Amino acid sequence: MTTATLSGVCPECETDLTVPPVGPGETLSCPECLLTLRVESVVDGVLTLETVEVQLRDWGQ
């Protein structure tokens, strides 16, 4: 029995990614550059990914 996987490319570092099934709007992290990526679309098992700008909290320190 094989597990379905999806593939994509990190838009920042161009690392090839293979991930378990995800859907549009879900996020994942690139294992190479550690950026957070959002799934924009999935077409024929290929992901279109966009980087997500992470807002860090300012704790006033």
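Predicted model: local features only at pLDDT ≥ 70, side-chain atom pairs only at ≥ 80, totals over all residues.

Colleague: How many helices and how many strands does the secondary structure of the protein chain come to?

Modeller: Read from the N terminus on, the elements of the protein chain run β-β-β-β-β. The count for the protein chain is therefore 0 helices and 5 strands.

Colleague: Is the protein chain compact or spread out, and what is its radius of gyration?

Modeller: Along the principal axes, the C-alpha atoms of the protein chain fill a box of roughly 50 × 20 × 20 Å. For 61 residues the globule rule gives 10 Å, and the protein chain lies well over that, so it is more spread out than a compact globule, with a radius of gyration of 13 Å.

Colleague: What share of the residues of the protein chain counts as buried?

Modeller: The protein chain exposes about 4,800 Å², of which carbon and sulfur atoms supply 49%. Buried stands here for a relative accessible area under 20%. Of the 61 residues, the share that counts as buried is 21%.

Colleague: Why is C10 in no disulfide, and how far away is the nearest cysteine sulfur?

Modeller: The structure holds 0 disulfides. A disulfide needs cysteine sulfur atoms within 2.5 Å. The nearest cysteine sulfur to C10 is that of C33, and because the cut-off is 2.5 Å, C10 is in no disulfide at a distance of 3.7 Å.

Colleague: Which cysteine has the sulfur nearest to that of C33?

Modeller: C33 is partly exposed, with a relative accessible area of 28%, whereas C10 is buried at 0%. C33 is in no disulfide either, since its nearest cysteine sulfur is 3.7 Å away, beyond the 2.5 Å cut-off. That nearest sulfur belongs to C30.

Colleague: In which sense do strand β4 and strand β5 pair, and over how many bridges?

Modeller: Within this pair, V39 stands opposite L49 in β5. The hairpin has 2 residues between the strands, and D44 takes a positive phi near 50° there. Strand β4 (residues 36–43) and strand β5 (residues 46–51) pair in the antiparallel sense, over 6 bridges.

Colleague: Leaving aside its neighbours within four places in sequence, which residues is P21 in contact with?

Modeller: P21 is found in the loop between β2 (16–19) and β3 (27–29), and at 56% relative accessibility P21 counts as exposed. From P21 to L49 the separation is 28 residues in sequence and 14 Å in space, C-alpha to C-alpha. With the neighbours within four places left aside, the contacts of P21 are A4 and L6.

Colleague: Where is the place of S29, and which residues is S29 in contact with once neighbours within four places in sequence are left aside?

Modeller: S29 lies in strand β3 and counts as partly exposed at 49% relative accessibility. S29 and C10 are 19 residues apart in sequence, with 9.3 Å between their C-alpha atoms. Leaving aside the neighbours within four places, S29 is in contact with L35 and T36.

Key
Residues numbered from 1 in each chain as written. Heavy atoms only, no water. Helix = DSSP H or I, 4+ residues; strand = E, 2+ residues; numbered from the N terminus. Rg over C-alpha atoms; globule rule 2.2 N^0.38 Å. Buried < 20%, exposed > 50% of the residue type's maximum accessible area, 1.4 Å probe, protein only. Areas by Shrake-Rupley, 256 points an atom, 1.4 Å probe, with all protein chains shown as cover. Contact = heavy atoms within 4.5 Å. Pairing = 2+ DSSP bridges.
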